[in-house]
Amino acid sequence: MAKHIESKVIGQLEQDETSNDWWVSSDVKIPFFDNEEFQITFMDFEPKKDKTFIEEADKALTNFLKLAGKDRNAISELVYKNCMDFLDSTELEEGDEEFRQITDKNEIWNFVNPTEIYVTRRDRRDKDIYVQVACECDWEEEHGLQLVFRQGRKLTRISDQDGHLTEADAYDIPDSKDKLLSQFDE
């Protein structure tokens, strides 16, 4: 079996040594995060079983790599809401007040540290390709934060890192009841 695959968008990905269905790229500049560099991992991909994955992943990555700082700022309100919802559901701790003092919602990104980017196919319903950005965040140190973009172009989930690509999957509800996912236009 090949130990590497080729993406027309991000180049060669090497097969992960511990997970045969994970493929890892070299560092890629990500405009969404001011050209900070990250490896991108294709997850749950078996080349012999999913013949269209690379082509669809490349389309999603092309879309995702068009997103820039202005697009990040466009979702600041949702990231801030995630922070506030978490703080409202837990006991007040030392340092939590600084989040409540944020006046410009774009400042929330000062407390978010992206760590990994994954590209994967949803295993049910739409079976579409999603770009998932795993982040550490100062308000939820245990479970962090994830940003999920359907087809790499539109945010369809923001949550802690729970392993689900959609709220619909996480809570076993219809896609039409998933607020962000249901707003996705093909």
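**View 1. R150 and its salt bridge to D126.** At 8% relative accessibility, R150 counts as buried (under 20% relative accessible area; exposed is over 50%, partly exposed in between, with a 1.4 Å probe and protein chains only). R150 pairs with D126 in a salt bridge, with 3.7 Å between the closest N and O atoms (the rule asks for a side-chain nitrogen of Lys or Arg within 4 Å of a carboxyl oxygen of Asp or Glu). This pair links distant parts of the chain, 24 residues apart: R150 sits in strand β9, and D126 in the loop between β7 (112-121) and β8 (strands are DSSP runs of E, at least two residues; helices are H or I, at least four). D126 is partly exposed at 24%.

Before moving on, a note on the model: this is a predicted structure, where local features need pLDDT of at least 70 and side-chain atom pairs pLDDT 80 or more, while totals for chains, interfaces and linings use all residues. Residues are numbered from 1 along each chain as its sequence is written, and side-chain values use heavy atoms, leaving out hydrogens and water.

**View 2. The salt bridge between D34 and R72.** Here the N to O distance is 3.5 Å. D34 lies in the loop between β4 (28-30) and β5 (36-38) and R72 in helix α2 (residues 69-74), so the pair ties together parts 38 residues apart in sequence. D34 is exposed at 56%, whereas R72 is buried at 11%.

**View 3. R157 meets D162 in a salt bridge.** Their N to O distance is 2.8 Å. R157 is buried, at 1%, and D162 is partly exposed, at 30%.
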